[in-house]
Amino acid sequence: MKKSMLTPAIIVISMMIFPTNANAQFWLDIVRAAAKGIVNVVSDASKKTPDFKMQVSNQPTAQANATAVEPTEQQLMAAFDSLARHCKEFSRQGLPCGMHTAKSTLSPGNALEIANTRADGELSRAVKQFIDTKVKDELKQTEDDEGNSSESMEYKRTLEVTANNELSGAQTYITYSRVTKNDKGKEVYNVWVVRVLDVNIFERALAESSQGRTIGQFIGEMAKGFASKVKNSMKKKN
């Protein structure tokens, strides 16, 4: 299910500043807030370098005592730039991700449709790369053990059907929108969309990667799950 598009609202960003990872985590906290649709009022937007405190969303007392701050436009754009870089790198390594943005002066729905279509296109290309580079070798060994040829038409069809099924079940990690005005004063609807195969795996990988750690375990988890689905499909045909 796709998440509903956020209105141009103020995002509450709150966290505990840890000396070792504050800068690395700042962009991720902005992204997480946008992904969860957290919208609230800013406590102090005048600070150029605001102080951040821990806020636990499922604990009302902690939330009430936290200092909420609004990210500047530059910080918001930088956060989405970081997300885009991670998405592209994840796809390159074998964890499919599709991210795209779109603008429209017609309606937010028009911008959303364009962004979704383009994000799905990116995800589709990433899935193809994922199959070619990560899954095929693993399945080839399995097929050899069973006496089947990895080049068989049956294998190729099963692989394609499984990939299409995965794409049809793709999930939306984030749908964020805001309204700006162009030089003529006309409203422009800006939408960002990130599409992935498994939100849970993607979120965990994003957290690890933001700390400079490898995402190999998540790539392996995705590959094994996909390989298992292909193997089971082939067994059902026999």
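These legends describe close-up views of a predicted model. Local features need pLDDT of at least 70 and side-chain atom pairs count only at pLDDT 80 or more, while totals for chains, interfaces and linings use all residues. Residues are numbered from 1 along each chain as its sequence is written, and side-chain values use heavy atoms, with hydrogens and water left out.

**View 1. Ser210 in helix α6.** Ser210 belongs to helix α6, residues 199-210 (a DSSP run of H or I, at least four residues, numbered from the N terminus). Ser210 counts as buried because its relative accessibility is 9% (buried: under 20% relative accessible area, 1.4 Å probe, protein chains only). A polar atom of the Ser210 side chain lies 2.8 Å from the backbone oxygen of Ala207.

**View 2. The largest nonpolar core.** This core has 46 residues (buried Ala, Val, Leu, Ile, Met, Phe, Trp, Tyr and Cys residues joined through side-chain atoms within 4.5 Å). Helix α7 (residues 216-237) gives the largest share, 8 residues. Phe80, Leu83, Tyr173, Ile174, Val194 and Phe202 have the most contacts inside the core. Beyond its neighbours within four places in sequence, Phe202 is in contact with Leu83, Phe90, Cys97, Tyr173, Val194 and Val196 (contact: heavy atoms within 4.5 Å). Another core, of 8 residues, lies apart; Ala102, Leu112, Ala119 and Val193 are among them.

**View 3. Lining of the second largest pocket.** The largest share of the lining, 6 residues, comes from α5.

Methods:
Helix = DSSP H or I, 4+ residues; strand = E, 2+ residues; numbered from the N terminus. Buried < 20%, exposed > 50% of the residue type's maximum accessible area, 1.4 Å probe, protein only. Polar contact = N/O pair within 3.5 Å; in protein donor to acceptor, adjacent residues only side chain to side chain.
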